[in-house]
Amino acid sequence: MEDLRAQQIEALEVLGDYNERLMKSIHSVIKELDGDRKEDTDQFLDEIIKGINWEIGILNGTMELINEKEERIKKEDMNSGILKLSKALEGKVDKEMAKALEEALPMFEELGKAAKEIVAM
């Protein structure tokens, strides 16, 4: 059990560092999707989606630890936000994808914050 906990803490440590870079990238791609599209915007968005999916995987493996002492992340809210983001991405309409990413930002910022708090304990 302690081994699993150590692995979860290590995963959250990596997530905390990665999350900061991902948030900056999401802010950048929102601007691009909101009218400042670049030649590589689609590739940039694909990389961001991979990062989001990676963070969701870490969240799924560490949710119990994250919410051990208090509910930091509400699974229902996260699932709802991810579903909205997924639908917007499927539609491939820049403005809708930008809006969905903007709405998803606080969830992922909260995840990064929770990860850093747990690692600091």
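**Where helix 1 meets helix 2**

Author: Happy to! The crossing of helix 1 and helix 2 is left-handed. Please keep in mind that this is a predicted model. Helix 1 covers residues 2-33 and helix 2 covers residues 41-66; their axes lie 9 Å apart and the two pack at an angle of about 150 degrees. That angle makes helix 1 roughly antiparallel to helix 2, because angles over 145 degrees count as such. As for what lines the contact of helix 1 with helix 2, its residues divide into 18 nonpolar, eight polar and three charged.

Now for the rings. The structure holds one aromatic pair. Its members are Tyr18 and Trp54, with ring centres 5.1 Å apart and planes at 70 degrees, so the pair is edge-to-face; the cut-off for that label is over 60 degrees. Since Tyr18 sits in helix 1 and Trp54 in helix 2, the pair ties together parts that are 36 residues apart in sequence.

One more residue of helix 2 deserves a look, namely Thr41. Thr41 is buried, with a relative accessible area of 0%. Its side chain reaches the backbone nitrogen of Lys38, at 2.7 Å.

Notes. Residues are numbered from 1 along each chain as its sequence is written. This is a predicted model: local features need pLDDT of at least 70, side-chain atom pairs count only at pLDDT 80 or more; totals for chains, interfaces and linings use all residues. Side-chain values use heavy atoms; hydrogens and water are left out. Axes are lines fitted to C-alpha atoms, for helices over the stretch in contact, and angles run from 0 to 180 degrees between N-to-C directions. Helices (H or I, at least four residues) and strands (E, at least two) are DSSP runs, numbered from the N terminus. Angles under 35 degrees count as roughly parallel, over 145 as roughly antiparallel, 65 to 115 as roughly perpendicular and the rest as oblique. A crossing is left-handed if the near helix is turned anticlockwise from the far one by less than a right angle, and right-handed if clockwise. Ala, Val, Leu, Ile, Met, Phe, Trp, Tyr, Cys and Pro count as nonpolar, Asp, Glu, Lys and Arg as charged, and the others, Gly among them, as polar. Rings of Phe, Tyr and Trp (its six-membered ring) pair if their centres lie within 6.5 Å; planes under 30 degrees apart count as stacked, over 60 as edge-to-face and the rest as tilted. Buried means under 20% relative accessible area, exposed over 50%, partly exposed in between (1.4 Å probe, protein chains only). A polar contact is a pair of N or O atoms within 3.5 Å; within protein, one must be able to donate a hydrogen and the other to accept it, and residues adjacent in sequence count only if both atoms are side-chain atoms.
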